[in-house]
Amino acid sequence: MVITELYLKNFGKFAEQHFYLHDGLQVISGENEFGKSTLHAFIRAMLFGLERGRGRAAAKDGFTRYEPWENPGYYAGVMRFTCGGRNFRLERDFSRAAKKASLVCEDDGEELSVERGDLNMLLGGLTPGLFDSTISVGQLRAEPGQELFDALENHAVNYFVTGSGEIDIAGTFQLLKEKRRQAARALQEEEAARTAEQEKILQECRYLERDMKALQDEFAEKQTRLNALENVDDTGIKAGSSAKNLFFMGSAGVLAGFAGFLWSRFISGRTLAASAFSVAVIAGAIALAGVLLLIAGGIAVCRAGRKKGRPKADEERVKQLQWETEHIQAEWKEKMIRCGNLREQCEETEVSDVQKNLLRRQQALEMAEEELRKAVQETGNQTAGLMQEKASAIFASVTEGAYLKIMLDGERHISVWDGTRRIPAERLSRGTIEQIYLAVRLAAAEAVLEEPMPLILDDVFAFYDDKRLLAALKWLSGQGKQVIIFTCHKREEEIVKREIYR
Amino acid sequence: MKFIHIADVHLGAQPDAGLLHGDKRAQEIWETFEQVIRVCEEEKIDLLLIAGDLFHRQPLMRELKEADYLFSGLTHTKVVLIAGNHDYIRSDSYYRTFRWSENVYPLFAENPAYVDFPELKTAVYGFSYHSREIREPLYDRLTAGGVEPVEILLAHGGDEKHIPLNRNALAESGFDYVAMGHIHKPHALVKDRIVYAGALEPVDKNDIGPHGYIRGEITGGRVRTQWIPCAKREYIHLDIQVKPDEAAGRVRDDIRESINEHGNENIYKIILKGKRDADVLFDTKRLEREGNIVEIVDETMPEYDVDRIYAENRGNILGKYIEHFYGCEEGSTEYEALCEGLDALLAGRK
């Protein structure tokens, strides 16, 4: 594919501007702010359209970035290109309201359909991701130093391992891990919520148990009071019975005394007064004893009676206490059963569907990681060798044989070989690192793309010395492909004029 | 002879405690129970059969008094009940000592017994759970005693841990009607003969569908039953199909609309299905706060045209990764793993 014309009808800062391109190597140079990145973005937008991002991403997406400065409702462009010996005209309208694309073959006027994939056919499987990772080359975006080296290594590994460099393997693993952490956190939160719920129930249990303890104490206290009252009652009954005994004996004594007195009167009429007198004395004594006993009994009965007067009040208190203790017992049992029920409820809480779902997600994420690791290994084995060979060849040309090979060891560290020594990439200069990076990307483009596609190099030579720049441009011009170089330096143009198109 | 058969009333249960509608549920279970008692009185039902789990757990004294008070108001109906696995007769259960009203006949013994109602020419058999589980198939050996022309069995159980049942044995046991409890979904093992009344009110989010009681009539040895819905609410599992271009707000509206359609009094478990946009994630917690929702389960899968991605990436890591999941079923854990992996791989695409 060769791009022949870029016609920016209204795109970014450009309006009604034509850029004509030809096959082979060419340099588009301009000062800063000339619009090189806009042109670069225009090519991408023409090939793949401009997708609007969603939400926050929208603020930074290409659509917003290149929305025309003037008259944003009119947002369109044309690209003409040749492919397979035929000429095509691709026209796109990017505006929000009238988004559309048309593709016409200029040789026979045939209308082709972008929606139905005719353009994709012409692009030979080039996707936006592949475009970004292969034929569209920028500078390695990193600060010099360790970070630069890390960026190179990460890139190179991705190219070697994935076969295209389109995918950031380390980033993918990191993302999967992050997702797994998130799932674990969500699961924890879910569990914490359930534990809190259980804790609430257990708290109620503890309150109940405290109440039960209080009831028990109250019960014990009431019980002792009840026992005490019941004992007092016993002595009262005993006192009563002894009084009755006294009373009984006293009555018997009085009766016996009376009988003796009568008998003394009876015998005094017949016999000696002396004997009658003695009988009367004895009877009198017995009667006296009886009277004394009677009095004692009377007092005892009185006392018992007085005591009995108090037990009347006591009995009610006993009844009251008995009722209270029963009530306490009932209340205690009610609480005990409620407490048991709550504990049962606590034990029954089961795994919720949300938890099950999260567990499954965790499992899926683990599985994804594992399978990805396997896939990486398989692809790596296939592509790494091929990629390494191609990249090494390009690197050797660009460095004019100063280095012969790019090597990737088992730990995925990059080093280069100059024919005698193996030099770890971190010891190389920024220029050389950029050259490895370019070599790897170009190797990937060659490996992945079925059709020869234009290479777009955006300010990649800034760190090259003149010698290596010449070598790189020579190599590029010998590839039989369209190469579009964007630069803000005059150097590339001069070299191309002087050395390539002599 | 007219009877009403209820089961699994679960008085004292508090379904969905902590949710918006949760406070009302415990009360509603009582209210529906009262409603059945009212029906018994109004329709001069002869027997109210309660096939276990009248209470959700060990009944409290005040709960028993409350239930008995309701029974005592029945001027015509006699009540027969057994204890199920939930309100099983524990050593300290109030069931052991409670004095019921005269028209209530508990069959609380561990061994089969019957109550004879000569005036109804009916005998009701049954026994109660004295432990939480009974794994022996006790009903298989039980046969009607032939005391009265009409013989009814109150039975509770039917799964592995709660008296496993042999339907044929039960069908040939000689009972005119077997009033079943334990399984909360109303259904008949043998039409008009062996019937699960189902829970009177649903007590768990998985008790989906309508709930109610069985109203039956036995005349001349012929039993006719009718299931009558009366529960105040239903649990409904709603599958909400998510389309790839839908935002979370749209899904929330869909849920609202669907709930309006199925009745606002009902309680929902929402299952999000279908394909969502790969970069949209639903905040189910926030959606749950809509009310009347017990749970939202997100089963959506990110929308990926796996075949297309594979076609474009044969030979590279993406293609290889997809090959690892070749033939896995949509909706399986493997498929979820595939989507998650693709999601991560494509997010990392530069």
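This is a predicted model: local features need pLDDT of at least 70, side-chain atom pairs count only at pLDDT 80 or more; totals for chains, interfaces and linings use all residues.

Let me begin with the chain as a whole. Chain B contains 16 strands together with eight helices. Of its 350 residues, 41% are buried. If we take the contacts in chain B with a separation of 6 or more, 72% of them are between residues 24 or more positions apart.

I turn now to the sheet. In chain B, an open sheet is built from six strands, with mixed pairing, and the order is S5-S6-S7-S8-S10-S9. Its edges are strand S5, residues 113–117, and strand S9, residues 187–190, of chain B, each of which pairs on one side only. On average, and ignoring direction, neighbouring strands of this sheet are turned by 20 degrees against each other.

Within this sheet, how do strands S6 and S7 of chain B run? They are parallel: strand S6, residues 122–126, is joined to strand S7, residues 150–156, by five bridges. In S7(B), Leu153 of chain B is the residue opposite B:Tyr125.

Finally, the contact between the chains. Chain A contributes 44 residues to it, and chain B contributes 30 residues. On the chain B side, at least two residues each come from strand S15 (293–298), helix H7 (317–324) and helix H8 (333–347). Which element gives the largest share of that side? It is H8(B), with nine residues. By class, the side of chain B that touches chain A comprises eleven charged, eleven nonpolar and eight polar residues.

Thank you for your attention.

Key
Residues are numbered from 1 along each chain as its sequence is written. Chains are lettered from A and ligands numbered from 1 in the order in which they are written. Helices (H or I, at least four residues) and strands (E, at least two) are DSSP runs, numbered from the N terminus. A residue is buried if 20 or more other C-beta atoms lie within 10 Å of its own, exposed if 12 or fewer, and partly exposed in between; C-beta atoms are placed from the backbone. Two residues are in contact if their C-beta atoms, placed from the backbone, lie within 7 Å. Two strands pair if DSSP finds at least two bridges between them. Axes are lines fitted to C-alpha atoms, for helices over the stretch in contact, and angles run from 0 to 180 degrees between N-to-C directions. Ala, Val, Leu, Ile, Met, Phe, Trp, Tyr, Cys and Pro count as nonpolar, Asp, Glu, Lys and Arg as charged, and the others, Gly among them, as polar.
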